[in-house]
Amino acid sequence: MELFRVLMLAVGLAMDAFAVSICKGLAAGKVTKREYFICGIWFGCFQGLMPFAGYLIGTRFEKLIAMVAPWVAFVLLSLIGGNMIREALSPDEKISPGFDAKTMFMMAVATSIDALAVGITFVAVPVKIFNSARIINVLFAVIVIGFITFIISMIGVKIGSVFGKRFKSGSEIFGGVILIMIGLNAIITYLFS
């Protein structure tokens, strides 16, 4: 998985956090700079840590995963992407306007569960950005994922506080489609290489 795919993966994963951030901005109304950072930090950190945890879990089963690597990536990313699209098309959930630690923790975990499964795919479809140890590439990828989620979440809070609900489902659908496309790319590359 090269840098472009990591960037697209990061954007795809960040769309859940973006959608929730928009809702946070909607629910809060007027949002301070501090609240933008709080939202970005919570979502960015969890979105970066969860794929790393998934990668560590996946390495324990590396030999098994390597036998079915492209299929694992395809199935996991398609399920995650499909779930994001399904959630986007389901009735809106009520989002709490608070930025307190308890609320943000629960939301950060909920939006980053998908990223845990994506981390497992890092074993199946190795990240190859630098010509160095695999762990360095994975660490770089999770930092990119966390940073992009941080920025996109802050933007989401701003959009939510300014524009309203109309962007929520579109962003989740976009993120889901990106994840499904990455999964399809993994299987197509396997079948035709």
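The legends below describe close-up views of a predicted model.

Local features are described where pLDDT is at least 70 and side-chain atom pairs where pLDDT is 80 or more, whereas totals for chains, interfaces and linings use all residues. Residues are numbered from 1 along each chain as its sequence is written, and side-chain values use heavy atoms, with hydrogens and water left out.

**Figure 1. Overview of the protein chain, which has seven helices and zero strands.** Helices (H or I, at least four residues) and strands (E, at least two) are DSSP runs, numbered from the N terminus. Along the sequence, the pattern reads α-α-α-α-α-α-α. The protein chain has 193 residues, of which 48% count as buried. Buried denotes a relative accessible area under 20%, exposed one over 50%, and partly exposed the range in between (1.4 Å probe, protein chains only). Contact means heavy atoms within 4.5 Å. Among contacts between residues at least 6 apart in sequence, 91% join residues at least 24 apart.

**Figure 2. Packing of helix H1 (residues 3-28) against helix H5 (residues 101-124).** Two packed helices are described by the angle between their axes and the distance between the axes. Axes are lines fitted to C-alpha atoms, for helices over the stretch in contact, and angles run from 0 to 180 degrees between N-to-C directions. The axes of H1 and H5 come within 10 Å and cross at roughly 170°. H1 is therefore roughly antiparallel to H5. By angle, pairs under 35 degrees count as roughly parallel, over 145 as roughly antiparallel, 65 to 115 as roughly perpendicular and the rest as oblique. The crossing of H1 and H5 is right-handed; a crossing is right-handed if the near helix is turned clockwise from the far one by less than a right angle, and left-handed if anticlockwise. On the H1 side, the contact is made by Leu 9, Leu 13, Asp 16, Ala 17, Val 20 and Lys 24. H5 contributes Thr 103, Met 104, Met 107, Thr 111, Asp 114, Ala 115, Val 118 and Phe 122. By class, this contact of H1 with H5 holds nine nonpolar, two polar and three charged residues. Ala, Val, Leu, Ile, Met, Phe, Trp, Tyr, Cys and Pro count as nonpolar, Asp, Glu, Lys and Arg as charged, and the others, Gly among them, as polar.

**Figure 3. Packing of H1 against helix H6 (residues 134-162).** The axes of H1 and H6 are 7 Å apart, at an angle of about 30°. This angle makes H1 roughly parallel to H6. H1 passes H6 in a right-handed crossing. The residues of this contact of H1 with H6 comprise 22 nonpolar, seven polar and no charged.

Figure 4. Ala 17 counts as buried because its relative accessibility is 0%. Residues up to four places away in sequence aside, Ala 17 touches Phe 43, Thr 111, Thr 149 and Ser 153. Phe 43 is 26 residues from Ala 17 along the chain, and the C-alpha atoms of the two are separated by 6.3 Å.

Figure 5. With a relative accessible area of 21%, Val 11 is partly exposed. Apart from neighbours within four places in sequence, Val 11 is in contact with Ile 148, Phe 174 and Ile 178. Between the C-alpha atoms of Val 11 and Ile 152, which are 141 residues apart along the chain, the separation is 8.2 Å.

**Figure 6. Gln 47 in helix H2 (residues 33-59), shown with Pro 51 of H2.** Gln 47 counts as buried at 1% relative accessibility, and Pro 51 counts as buried at 0%. Not counting residues up to four places away in sequence, Gln 47 touches Leu 13, Ala 14, Thr 111, Ser 112, Ala 115, Ile 145 and Thr 149. With neighbours within four places in sequence left aside, the contacts of Pro 51 are Phe 46, Ala 115, Leu 116, Gly 119, Phe 122, Val 142 and Ile 145. Pro 51 and Ala 115 lie 64 residues apart in sequence, with 5.0 Å from C-alpha to C-alpha.

**Figure 7. The salt bridge between Arg 5 and Glu 2.** Side chains of opposite charge can pair when their charged atoms come close. A salt bridge is a side-chain nitrogen of Lys or Arg within 4 Å of a carboxyl oxygen of Asp or Glu. A search of the whole structure finds one salt bridge. The closest N and O atoms of Arg 5 and Glu 2 are 3.3 Å apart. Arg 5 counts as partly exposed at 25% relative accessibility, as does Glu 2 at 40%.
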